[in-house]
Amino acid sequence: MPSLRQDISAATVEDGMVLLDERSGRYYQLNGSGALVLRILIEGGGEKEAADALTEHYDVPRDRALADIGRIVSRLCGAGLMTP
């Protein structure tokens, strides 16, 4: 299950979430849907639960929600913010 690295701080903001990489001092911003997915994953939910939330909250098809989740996780892992 993916999780944020220990040296990443996350803060919810009005339109999403901001992540701070404490090692580099670099900030990253997630929009509302990205923040929703990340919150579910870091609270122990899986991609199924995240897809359920996206389809419910944003009224998108399940296959699109799952594809979006894969892209979000891939980008966060690629940026070194999350471990797979």
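Helices (H or I, at least four residues) and strands (E, at least two) are DSSP runs, numbered from the N terminus. The views below come from a predicted model, in which local features need pLDDT of at least 70, side-chain atom pairs count only at pLDDT 80 or more, and totals for chains, interfaces and linings use all residues. Residues are numbered from 1 along each chain as its sequence is written, and side-chain values use heavy atoms, with hydrogens and water left out.

**View 1. The lining of the largest pocket.** α3 contributes the most to this lining, with six residues. A pocket is an open set of points on a 1 Å grid over the protein atoms alone, where a 1.4 Å probe fits, with protein on both sides within 12 Å along at least five of seven lines; lining residues have an atom within 4 Å of a point. The largest pocket holds about 370 Å³ of space, a volume being the space filled by probe spheres set on the points, which are joined across faces, edges and corners. Of its 16 lining residues, Asn31, Ser33, Gly34, Ile72 and Arg75 lie nearest the centre. At least two lining residues come from each of β4 (26-30), α1 (32-42), α2 and α3. By class, the lining has eight nonpolar, four polar and four charged residues (Ala, Val, Leu, Ile, Met, Phe, Trp, Tyr, Cys and Pro count as nonpolar, Asp, Glu, Lys and Arg as charged, and the others, Gly among them, as polar).

**View 2. Helices α2 and α3.** Two packed helices are described by the angle between their axes and the distance between the axes. The axes of α2 (residues 47-58) and α3 (residues 62-78) come within 9 Å and cross at roughly 125° (axes are lines fitted to C-alpha atoms, for helices over the stretch in contact, and angles run from 0 to 180 degrees between N-to-C directions). Therefore α2 is oblique to α3 (angles under 35 degrees count as roughly parallel, over 145 as roughly antiparallel, 65 to 115 as roughly perpendicular and the rest as oblique). Residues in contact (heavy atoms within 4.5 Å) include Leu54 of α2 and Ile69 of α3.

**View 3. Helices α1 and α3.** Here the axes come within 10 Å and cross at roughly 75°, which means that α1 is roughly perpendicular to α3. Gly34, Val37, Leu38 and Leu41 of α1 meet Ile69, Ile72, Val73 and Leu76 of α3. This contact has seven nonpolar residues, one polar and no charged.
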